Amino acid sequence: MEIKLKVKKFLFSGIAAALTAGAFLSTSALAQKDWPTKSINLIVPFAAGGPTDSVARLIAVPMGQALGQTVVVENVPGAGGTIASTKVARAAPDGYTIYLHHMGMATANALYDKLPYDPMTNFEYIGQVADVPMVLLGKKDLPANNFKELEAYIRANGSKVTMANAGPGAVSQLCGLLFQSRMGVKLTNIPYKGTGPALTDLLGGQVDLLCDQTTQTIPYIKDGRVKAYGTTTLKRLPAIPNVPTLDEQGLKGFEVKVWHGMYTPKGVPKPILDKLNAALKKALNTPDVQKRLADANIDIVSADKMTPNGLKTHLDAEINKWGPIIRKANIPD
């Protein structure tokens, strides 16, 4: 009799556990189906007003409209984006925290020791967003008038040639390091606290060269206040079609873009990721967003890159590309 009671008790416990698990799964599935039920935070790792923040604010509204909830941009600046990345990596994986970061996501591992997160394992991927091209610029009175002449000038003057950048780990610095690596030269690199003051000194003739984004340099190129020696894209830019690419001038495969990707913390359920990806695609296909990004010389990525796999593949390739360059240059963190 006692054995029968124990068997019945065991069976009842198993059935109860199964029912509880089933109820949990049903509730979880229902929650994912109804998601989102509140506003979503879009974390940006830089201060308001910068290029990445501008991209975030452009897509936040149409993404929110597609999801039926407000997408609120939250700026979390500091330490080259690592503070924000750490915050996102540690956030609840419920889909209410999403993250827009540029190529700094790929360079952080090489720039900082003991990084508290791993870009390849601590995040889920929503998709790539947009690319900002760059241009290799020279001061107005630099003797070289084209890339061939610049190459000869650099070979003749070596470290006497100065190259400005926006500070350790900045994209302008990475672009300059890649340029020097591909040319097989060592120039005198001068760090500034941002591309603004670096560009000011280039315009004033205090430095010779600078790699900078098209969003703020095209007006100066067009009015002849700086010399443009080549774009860092594989195709010429419509805004400055007379400026050749560095690739077509001999630096084959030279490509540096300030690319942006959207992420969530690791563990966000796939149905929610699918909704976020659909909202991102819808936002980027909105005519107003496309026009405003184009006006700022920002390129929306192709459809195959607006995917989780497209972003993950690109991030992995960028980590492998920049890691050796950064470590060889011994950039301080």
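Reader: Which residue does Lys270 meet in a salt bridge?
Author: Lys270 pairs with Asp274 at 3.0 Å, N to O; a salt bridge here is a side-chain nitrogen of Lys or Arg within 4 Å of a carboxyl oxygen of Asp or Glu. This is a predicted model, where local features need pLDDT of at least 70, side-chain atom pairs count only at pLDDT 80 or more, and totals for chains, interfaces and linings use all residues. Residues are numbered from 1 along each chain as its sequence is written, and side-chain values use heavy atoms, with hydrogens and water left out.

Reader: Where do the two sit?
Author: Both lie in helix H9 (residues 270–284), four residues apart, about one turn of the helix. Helices are DSSP runs of H or I, at least four residues, and strands are E runs of at least two, numbered from the N terminus.

Reader: And Asp208 with Lys139, buried or exposed?
Author: Both are buried, meaning under 20% relative accessible area, with exposed over 50% and partly exposed in between (1.4 Å probe, protein chains only). Their salt bridge is 3.1 Å, N to O. Asp208 is in the loop between H7 and E7 and Lys139 in strand E4 (residues 123–139), so the pair ties together parts 69 residues apart in sequence.

Reader: How many salt bridges in the structure?
Author: Ten.
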